Amino acid sequence: DVIIVIGGFNSSNTQHLQEIAEDAGITSYWVDTPDRLDAANVVTWRTAHGELKTTENWLPEGAVTIGVTSGASTPDKVVEDVIDLIFATKEGQKAAVAA
């Protein structure tokens, strides 16, 4: 359903990963740090062509398949922190529905 591309905005390798997703028509978000995501379901991301965008409600409610990829030099800790925020966002959605 969605691909999250993680890696530095100055990385041509990571840029190419985002470009592949965009060219395939897959909804994708390229972030360089976990600070680009918010557990309130907001993401600030970059397109393969360098445009910085902010998207609210980027993560659909309910069951979703998320592909995660990262540039070769992206630290594991950055990838882990981004994944943790994705899970926190999904947990927040569940709590909102239950309330």
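Which residues form one aromatic cluster?

## Aromatic cluster

In this predicted model, the cluster consists of Tyr29, Trp45 and Trp58, and a search of the whole structure finds three aromatic pairs. The rings of Tyr29 and Trp45 have centres 5.1 Å apart and planes at 85°, so this pair is edge-to-face. Because Tyr29 belongs to strand β2 (residues 28-31) and Trp45 to strand β4 (residues 42-46), the pair ties together parts that are 16 residues apart in sequence.

Tyr29 also pairs with Trp58, and since the ring centres are 5.2 Å apart with the planes at 70°, that pair is likewise edge-to-face. Here the partner of Tyr29 in strand β2 sits in the loop between β5 (52-56) and β6 (66-70), so the pair ties together parts 29 residues apart in sequence.

## Burial and surroundings

Both Tyr29 and Trp45 are buried; the relative accessible area is 7% for Tyr29, while Trp58, also buried, has a value of 3%. Apart from its neighbours within four places in sequence, Trp58 is in contact with Val2, Ile4, Tyr29, Leu37, Asn41, Val42, Val43 and Ile86.

Notes. Residues are numbered from 1 along each chain as its sequence is written. This is a predicted model: local features need pLDDT of at least 70, side-chain atom pairs count only at pLDDT 80 or more; totals for chains, interfaces and linings use all residues. Side-chain values use heavy atoms; hydrogens and water are left out. Rings of Phe, Tyr and Trp (its six-membered ring) pair if their centres lie within 6.5 Å; planes under 30 degrees apart count as stacked, over 60 as edge-to-face and the rest as tilted. Helices (H or I, at least four residues) and strands (E, at least two) are DSSP runs, numbered from the N terminus. Buried means under 20% relative accessible area, exposed over 50%, partly exposed in between (1.4 Å probe, protein chains only). Contact means heavy atoms within 4.5 Å.
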